Amino acid sequence: MHQYLNDNNLLSQEQSGFRALHSTVSCLLKSTDDWYSAFDNSEMVGATFIDHRKAFDTVDHSLLCGKLERYGVRNNELRWFVSYLAGRKQFVE
């Protein structure tokens, strides 16, 4: 799936997680560099930090599978995701 997303340029350039040579540190470095540039240009800076621990619980699985299909995921690959997500629950402890 990762290869497919890369090959079809479906990942945002701002995506740091799950990408080679990217990490939470590279995300933080990019953010702080953007903030300092804004400060230098007398621009206002704002930031929002979100705790995504419960994100899996809030994603509508049918909407997710529909989005995968719109991105070109088909046949066995799409059926695998549908099957994997069917009736699945997850929690963070």
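Predicted model: local features only at pLDDT ≥ 70, side-chain atom pairs only at ≥ 80, totals over all residues.
Modeller: Residues are numbered from 1 along each chain as its sequence is written.

Biologist: Why is serine 16 called buried?

Modeller: Serine 16 has a relative accessible area of 12%. Buried means under 20%, exposed over 50% and partly exposed in between, with a 1.4 Å probe and protein chains only, so serine 16 is buried.

Biologist: What is serine 16 in contact with?

Modeller: Contact means heavy atoms within 4.5 Å. Leaving aside neighbours within four places in sequence, serine 16 is in contact with His22, Ser23, Ser26 and Cys27.

Biologist: Why is tyrosine 36 called exposed, and why is phenylalanine 39 called partly exposed?

Modeller: Tyrosine 36 has a relative accessible area of 56%, so it is exposed. Phenylalanine 39 has 48%, so it is partly exposed.

Biologist: What makes tyrosine 36 and phenylalanine 39 an aromatic pair that is edge-to-face?

Modeller: Rings of Phe, Tyr and Trp (its six-membered ring) pair if their centres lie within 6.5 Å; planes under 30 degrees apart count as stacked, over 60 as edge-to-face and the rest as tilted. By this rule the count comes to 3 aromatic pairs. For tyrosine 36 and phenylalanine 39 the values are 6.3 Å centre to centre and 80 degrees between the planes, an edge-to-face pair. These two residues are 3 residues apart in helix 2, so about one helical turn separates them. Helices here are DSSP runs (H or I, at least four residues), numbered from the N terminus.

Biologist: Why is the pair of tryptophan 80 and phenylalanine 81 edge-to-face?

Modeller: The ring centres of tryptophan 80 and phenylalanine 81 are 5.0 Å apart and the planes are at 85 degrees, so this pair is edge-to-face. Trp80, Phe81 and Tyr84 form one aromatic cluster.

Biologist: What makes a nonpolar core, and which residues are in the largest one?

Modeller: A nonpolar core is a set of buried Ala, Val, Leu, Ile, Met, Phe, Trp, Tyr and Cys residues joined through side-chain atoms within 4.5 Å. The largest has 6 residues: Cys65, Leu68, Val73, Leu78, Phe81 and Leu85. Helix 5 (75-85) gives the most to this core, with 3 residues. Not counting residues up to four places away in sequence, phenylalanine 81 touches Met1, Cys65 and Leu68.

Key. Heavy atoms only, no water.
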